[in-house]
Amino acid sequence: MSGDAATAGEVRELHDVLCAAMVSGDVAGLDGILAEDYTLTHMTGYVQPKAEWLAAIQSGEMQYHRIETVEARFGAEGKAPQLNARTLTNATIWGSRGDWRLRLRSWFELRGNGWVISHTVASTW
């Protein structure tokens with residue numbers, strides 16, 4: 001397996017772990033795969049720091065009920081691996097439950113012995 005193929009597999013696996021942890025509300029699991037300075041840019045444009053996002057999941061302000069990844073494309077921006085995933089997401093965000101076709105573009109950084117997600121930008125598709 002080439003380096004790019006191995007990296008693509010590793011970041012795809014990390015994306016799947018991210019989605020599973022979001023649905024299960026596993027804040028500790030999310031904390032372990034996200035960079036300390038991780039940010040999530042919501043489709044509204046709001047850039048939410050990691051601690052605030054995890055607190056919103058912990059409190060139930062943000063509940064992810066189902067996330068199905070229907071397509072994931074690996075790429076790179078400079079040296080940073082990137083995964084562009086199209087998902088079908090059912091979530092309750094600040095009291096409103098809905099279905100969204102979310103595109104999650106995530107960038108990854110090598111830290112310690114493995115990859116972490118450095119930031120994610122959510123938009124619709």
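A: Setting aside residues up to four places away in sequence, Thr-87 touches His-15, Ile-67, Glu-68, Thr-69, Val-70, Trp-100, Arg-101, Leu-102, Leu-104 and Trp-125, where contact means heavy atoms within 4.5 Å. This is a predicted model, in which local features need pLDDT of at least 70 and side-chain atom pairs count only at pLDDT 80 or more, while totals for chains, interfaces and linings use all residues. Residues are numbered from 1 along each chain as its sequence is written, and side-chain values use heavy atoms, with hydrogens and water left out.

Thr-87 belongs to strand S4 (residues 80–93); strands (E, at least two residues) and helices (H or I, at least four) are DSSP runs numbered from the N terminus. With a relative accessibility of 0%, Thr-87 counts as buried, a word that means under 20% relative accessible area, as against over 50% for exposed and in between for partly exposed, with a 1.4 Å probe and protein chains only. Its side chain also makes a polar contact with the side chain of Thr-89, at 2.8 Å; such a contact is a pair of N or O atoms within 3.5 Å, and within protein one must be able to donate a hydrogen and the other to accept it, with residues adjacent in sequence counting only if both atoms are side-chain atoms.

One of the residues that Thr-87 touches is Ile-67, which sits in strand S3 (residues 62–77). Ile-67 is buried because its relative accessible area is 14%. Apart from residues up to four places away in sequence, Ile-67 touches Cys-19, Met-22, Val-23, Thr-87, Leu-88 and Thr-89. The C-alpha atoms of Ile-67 and Asn-90 are 6.5 Å apart, although 23 residues separate the two along the chain.

Asn-90 is also among the contacts of Tyr-64, which, leaving aside neighbours within four places in sequence, include Met-22, Val-23, Trp-53 and Thr-89 as well. Tyr-64 is one of the residues that touch the most other members of the largest nonpolar core, which has 24 residues; a nonpolar core is a set of buried Ala, Val, Leu, Ile, Met, Phe, Trp, Tyr and Cys residues joined through side-chain atoms within 4.5 Å. Strands S3 and S4 are among the elements that each supply at least two residues of this core, while H1 gives the most, with six residues.
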